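Subject: Structure handover

Hi,

Here is the structure I promised to pass on. Please have it open while you read my notes below.

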Amino acid sequence: GLAPAIRHGFFTRTGGVSSGIYGSLNVGLGSGDDLDKVLQNRALICEALGAEAGNLATVSQCHSADVVVAEGGWSGNRPEADAIVTKVPGLVIGILTADCGPVLFADGKAEIVGAAHAGWKGALYGVVENTVDAMIALGARRDNIVATLGPTISQANYEVGADYRENFTKTDEKYAGYFVPSRREDHFMFDLAGFVLNRLKGAGVEASWSGHCTYADSGKFYSYRRSVHNSEPDYGRQISAIMVQ
């Protein structure tokens with residue numbers, strides 16, 4: 001339901017050139033995969049969205065609530081941040097995930113887009129709200145912004161400890177509602193997708209979740225947690241990307 005001026009994709013792990021545990025569309029520059037293959041995969045993302053091969057801006061993600069404004073691809077080091085906004089036509093902005101929540105934002109009227117990496121920390125500390133604010137600063141309108149949460153680990157597969165839950169409840173008691181007891185004592189199943197959607201709606205934007213679980217569908221998605229459970233040495237990252245045409 002986005003404006004014709006906006007192109008986006010929540011990409012899966014398929015359709016790329018990487019192999020083994022990275023099979024196949026791994027775009028993680030921080031992974032141990034062959035750099036040439038990662039760069040080829042990143043070029044494939046640009047091609048899929050109809051952009052020039054080098055026109056992909058991603059950040060060095062650090063579980064912060066920091067947002068950067070992209071005016072072109074970065075030369076040199078990628079900035080440390082967890083969200084990107086832009087109004088530059090033809091520039092693809094993307095977020096890499098392997099369980100955390102990738103959120104894509106668009107104001108189709110103002111032709112301004114955003115992408116945020118909403119892990120539990122970023123979501124709790126305001127990455128969603130900061131992304132919306134940064135888009136508004138570029139000229140977007142809150143009531144014109146539409147956000148979609150892409151493939152994210154689901155509550156059924158996301159077990160956490162009591163201290164993790166406490167990070168949320170000490171911020172707001174109401175957040176206890178996103179945790180249900182798990183089979184293990186002092187452990188809980190956390191609804192990350194529900195929490196991110198709550199923060200999106202609180203920020204005054206229209207929001208929905210694609211409904212895909214990264215952990216449950218190994219054929220389609222990379223999952224950090226699944227790689228740990230399978231004792232794999234590393235894991236690939238899928239990309240969620242958006243651009244103004």
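Strands (E, at least two residues) and helices (H or I, at least four) are DSSP runs, numbered from the N terminus.

A word on the source. This is a predicted model, where local features need pLDDT of at least 70, side-chain atom pairs count only at pLDDT 80 or more, and totals for chains, interfaces and linings use all residues. Residues are numbered from 1 along each chain as its sequence is written, and side-chain values use heavy atoms, with hydrogens and water left out.

Now the partners of β4. Strand β3 (residues 67–69) runs parallel to β4, joined by 3 bridges. Two strands pair if DSSP finds at least two bridges between them. Val69 has Val85 as its bridge partner in β4. Strand β7 (residues 112–118) pairs with β4 in the antiparallel sense, over 4 bridges. There, Val85 is partnered by Gly114, and Ala83 by Ala116.

Next, the sheet. It is open, has 6 strands and mixed pairing, and its order is β3-β4-β7-β6-β8-β12. The edge strands are β3 and β12 (206–209), and each pairs on one side only. Neighbouring strands are turned by 15 degrees against each other on average, direction ignored. Axes are lines fitted to C-alpha atoms, for helices over the stretch in contact, and angles run from 0 to 180 degrees between N-to-C directions.

Two helices pack on this sheet. Helix α3 (residues 127–138) touches β3, β4, β6 (101–107), β7 and β8 (145–149). Contact means heavy atoms within 4.5 Å. The direction of α3 makes about 165 degrees with that of β7. Helix α5 touches β6, β7, β8 and β12, and its direction makes about 170 degrees with that of β12.

Why is α5 (residues 192–202) largely enclosed by the rest of the structure? Because 8 of its 11 residues are buried. Among them are Phe195, Val196 and Arg199. Just after α5, Gly204 takes a positive phi of about 80 degrees.

One last residue. Ser154 sits in the loop between β8 and β9 (159–161). Ser154 counts as buried because its relative accessibility is 14%. Leaving out residues up to four places away in sequence, Ser154 touches Trp209 and Cys213.

Best wishes

Methods: Buried means under 20% relative accessible area, exposed over 50%, partly exposed in between (1.4 Å probe, protein chains only).
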